[in-house]
Amino acid sequence: MKVGILGSGIVGQTLATGFIKFGHQVKIGTSNPGKLNDWLSNVGPNGSVGSFADAASFGELIVLAVKGTAALNVLEKAGEKNLNGKTVIDATNPIADAAPVNGVLKFFTDLNSSLMEELQKKFSQANFVKAFSCVGNALMVNPDFGGTKPTMFIAGNNDDSKKAVKQILDSFGWEIEDMGKVEAARAIEPLCILWCIPGFLENKWMHAFKLLKK
């Protein structure tokens, strides 16, 4: 599969490398191609770099991996026509440009809305699926917890797109819990706040969530 990654930070590079590891072709979209020279030199012929529009046009599947404050602008640069009808994995969180208070991040959304809902409304012909937003980049691909699979919570309106994302998450080593339609992102995105608290307070970042069912 051809995958377009929107975002050249550590999350975008980590996921891009993961997709390449499992045989996919990847193009990272960025406004700063030079920062990816080292990544390009290490990933082989299945990795390439271009503009946001280049990556969105290239990808049969799109991954949005930028700061939440930049998400709308990056999607606009990617181009609506390049997103229409495609699955867009939304790995973003609406983290505000403010320092955490006692380890607790601030969001620019409230509990009655989510960033993914805003993006889905703006780009109504794309199929957004929330994923990879409740764990750090070091654990996104093949998380190792001694044989126990952690849980990735997903949400989105399109069942076919969620099926495609579930297959990806399964190959990446995750247990998947589908929480329903786009509104469920209101619950999934704040998991980022909870996940980050041990990191900010104790410098502990190697953890993930697990849903236990009886």
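A residue is counted as buried when its relative accessible area is under 20%. By this criterion, 50% of the 214 residues of the chain are buried in the predicted model. The chain exposes about 10,100 Å², of which carbon and sulfur atoms supply 51%. Nine helices and eight strands make up its secondary structure elements.

The overall dimensions were examined next. For 214 residues, a compact globule would have a radius of gyration near 17 Å, and the 16 Å of the chain agrees with this. The C-alpha trace spans about 40 × 35 × 35 Å along its principal axes. Of the contacts between residues at least 6 apart in sequence, 67% join residues at least 24 apart. As to charge, the mean position of the 22 positive charges and that of the 20 negative charges are 2 Å apart.

Helix α1 covers residues 10-21. The buried residues of α1 are Gly 12, Thr 14, Leu 15, Ala 16, Gly 18, Phe 19 and Ile 20. An α-helix has 3.6 residues a turn, so residues three or four places apart point the same way. After α1 comes Gly 23, with a positive phi near 95°.

Strand β2, residues 25-29, contains Val 26. Val 26 has a relative accessible area of 0% and is therefore buried. Three of the buried α1 residues, Ala 16, Phe 19 and Ile 20, are in contact with Val 26. Beyond its neighbours within four places in sequence, Val 26 also contacts Val 3, Ile 5, Asn 46, Gly 47, Ser 48 and Phe 58. The C-alpha atom of Val 26 is separated by 16 Å from that of Phe 172, a residue 146 places apart along the chain.

Thr 109 is placed in the loop between β5 (87-90) and α6 (115-122). With a relative accessible area of 17%, Thr 109 falls under the 20% cut-off and so counts as buried. When residues up to four places away in sequence are not counted, Thr 109 touches Pro 94, Ser 114, Leu 115 and Glu 118. Of these, Leu 115 is among the buried residues of α6, together with Met 116, Glu 117, Leu 119 and Gln 120. The buried residues of α6 pack against the strands β4 (61-64), β5, β6 and β7 and against the helices α4 (71-78) and α8 (185-188).

Strand β7 (151-156) contains Phe 153. The relative accessible area of Phe 153 is 11%, and the residue is therefore buried. Leaving out residues up to four places away in sequence, Phe 153 touches Lys 130, Ala 131, Cys 134, Glu 177, Met 179, Ile 188, Leu 191, Phe 209 and Leu 211. Phe 153 and Glu 189 are 36 residues apart in sequence, with a C-alpha to C-alpha distance of 9.7 Å.

Helix α9, residues 191-202, includes Ile 197. Ile 197 has a relative accessibility of 23% and so counts as partly exposed. Residues up to four places away in sequence aside, Ile 197 touches Gly 103 and Val 104. Between the C-alpha atoms of Ile 197 and Pro 94 the separation is 16 Å, and the two residues are 103 apart along the chain.

Backbone phi angles were also considered. Most residues other than glycine have a negative phi. Phe 132 has a positive value, near 65°, and is found in the loop between β6 (127-130) and β7 (151-156). Asn 203, in the segment after α9, likewise has a positive phi, of about 60°, although it is not a glycine.

Definitions and conventions
Residues are numbered from 1 along each chain as its sequence is written. This is a predicted model: local features need pLDDT of at least 70, side-chain atom pairs count only at pLDDT 80 or more; totals for chains, interfaces and linings use all residues. Side-chain values use heavy atoms; hydrogens and water are left out. Helices (H or I, at least four residues) and strands (E, at least two) are DSSP runs, numbered from the N terminus. The radius of gyration is taken over C-alpha atoms; the globule rule is 2.2 Å times the number of residues to the power 0.38. Buried means under 20% relative accessible area, exposed over 50%, partly exposed in between (1.4 Å probe, protein chains only). Contact means heavy atoms within 4.5 Å. Accessible areas come from the Shrake-Rupley method with a 1.4 Å probe; for residues, only the protein chains shown count as cover. Lys and Arg count as positive and Asp and Glu as negative; His and the chain ends are not counted. The place of a charge is taken as NZ of Lys, CZ of Arg, CG of Asp or CD of Glu. The expected span of a helix is 1.5 Å times one less than its number of residues.
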